[in-house]
Amino acid sequence: MNNEKQWIEEMRKRMEDYSEPLPEGLWEEIEQELAVPKIIPFKKIWQAAAVILVVLASSLTAWFWSSPAADFAVRQENVPEIAAMTESSLETQQPPATVQLTSEKGRELQAYLPDKVPDRPTPISTYSLETADNAAVPKNDHSEDIRHDTGDKETAETESQEKKFITTSRAQKANRTADRRQIQENAKALQLNGKERKFSFGIHSGNTPYSSTNNYGGMGRLAIQSSPDIMELTGTLNDTEMAYSQVLFENRELAPATRINHHIPVTIGATFRWEFVKDWSLETGIMYTLLVSELYSGENAYVEEEQRLHYVGIPLKIQRSIWKSNRFCVYASGGGAVEKCVSGKIKTKYVSAYGRENTEKNSIDIKQLQWSVTAGVGAQMNITPQVGLYVEPGVAYYFDDNSPIETIRKEHPLNFNLQLGLRFSVDQ
C-alpha cells in the first residue's frame, strides 16, 4: 500500500513540468478565425424584422380596440345612422314611445334625441297601434281586452314622452332666448361705453421746424441797452462798460456787421380735452417753450451774446371731427394761447482787437404777455381703445409784445409748427 502511494507521488512529481506540444499552425488558424467577421445573412435579418413588426402591430391593434378611444370612434361613426333614423321617424310622425330602445343603437339614439329636438316639437300623430292590430288580428274577446290594455299603456307612455319632449324644447328655447338677451345687453354696454368716452388727456412735443438768421450792417445787441457815449464820459465805468466801449471804439473806422441766429423753438406740454357735443371738443392745458438766440457783432473787436428765454403758457382750442373710425380720426382745430416769460438769461462776451476778453451774465425780465392764435389739422391713430398717437401740423401767429428783446417770434410772427403726442381716453 505504501509502495503504491510512493509510486503515485513519484509520477506526480515527474508530470508537474510536462506539457503537451501544440500542433503546428494552431495559432495561425485561431488568428484567421478571429480576423474574419461573422456575417449574418440578410434573409435572417429580414425575417427577424418582420416578426418584430407583426408583434408590434398586433399589440397596438389589441390595445386600440380595448381602449375608450375606439369605443368613441365607433360611436362617432354611428351618429349619421342615428340621425337618419331620427329624421325618418319624424317624417312618418310616429310617436316617440313606439321606438324600440332595446338595441345598442337604440340606447345611443335615446341619448342623441334630446340634442336634436327642434324649437317647436313635432306634433304626435293620432295613429295608434289599435288600428294596425284590428287589421292584422281576428277579433275575439280576449284579444280585444289585451289590445285595449296594450293601447292604454302605450298611450300613457306616448303622453309621457310627449311631455318630456315639450319640457326639453321649452327649456332649450328659454336658454337660447336668455343667451340672445345677454348678447344684446353686452353689445349695448360696449356701444354705450364707446359713446361715453368723452374725456382725454394728452402729452405732446412740438416746435417750429426751422431756425432764422438775420444779417445787417453796424453794431447791434439782442436786448436794447443804453450804451455809454464815449465822447461825453465824465465819470468812471465798470469793467463791462469799459469792454463794450473799447469794442465800439476799435470798430469806429471799420464797417462792422451783425449776425443774429435764432434756434428752433422747442415746446412740450400736457392737454385736457372734453367732447361737449358730438364731434366737437374743447382742449386746454399747459405748455413750456424754450427760445434760444445768438448774436455776433463787430469785426476785429466784437461782441458775442447767447440768450435763453423760458415761457409757460395756457392754450385754448376748439376741435371739430371731420372723419373717424375705430382706428383713425381726422380733425381740424383752431384757437389761441397766452404765454409768460418766467425766466431769462443772457451771457455776453466782449473781445478786443488785442485778444482781451471780458464776460458778463445778466437776467432778463419780460413783464409783457405773449399772445398768439393758431389753426391746424390733425390725424390720430388709436393704438388701443384708450391710447392714441396723433400728429397735428398747423400755423401760429404771434403778436408783438412790445418788449425790447429780440426773438424769433418778432423776426417771423407767422410760424409753421408741428406737434406730436399721445392721448389717453377716459371713460365717463
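**View 1. Strands around the largest cavity.** In this predicted model, β1 (199–207), β4 (266–277), β5 (280–298), β6 (302–324), β7 (328–351), β9 (369–382), β10 (387–398) and β11 (414–426) each supply at least two residues of the lining of the largest cavity. Strands are DSSP runs (E, at least two residues), numbered from the N terminus. The top contributor is β10, with six residues. A cavity is a set of points on a 1 Å grid over the protein atoms alone where a 1.4 Å probe fits but cannot get out, and lining residues have an atom within 4 Å of a point.

View 2. The volume of the largest cavity is about 420 Å³, counted as the space filled by probe spheres set on the points. Its lining has 33 residues, and Met287, Thr374, Tyr398, Asn417 and Gln419 are the closest to the centre.

**View 3. A tilted ring pair.** Rings of Phe, Tyr and Trp (its six-membered ring) pair if their centres lie within 6.5 Å; planes under 30 degrees apart count as stacked, over 60 as edge-to-face and the rest as tilted. Elsewhere, ring pairs link Phe199, Phe201 and Phe272 into a cluster.

**View 4. Arginines over tyrosines.** Arg221 places its charged end over the ring of Tyr244, 4.7 Å from the centre, and Arg409 lies over the face of Tyr311 at 5.3 Å. The criterion is CZ of Arg within 6 Å of the ring centre and within 35 degrees of the ring normal.

**Notes.** Residues are numbered from 1 along each chain as its sequence is written, and side-chain values use heavy atoms, leaving out hydrogens and water. Local features need pLDDT of at least 70 and side-chain atom pairs 80 or more, while totals for chains, interfaces and linings use all residues.

Key
On a 1 Å grid over the protein atoms alone, a cavity is a set of points where a 1.4 Å probe fits but cannot get out, and a pocket is an open set with protein on both sides within 12 Å along at least five of seven lines; lining residues have an atom within 4 Å of a point. Helices (H or I, at least four residues) and strands (E, at least two) are DSSP runs, numbered from the N terminus.
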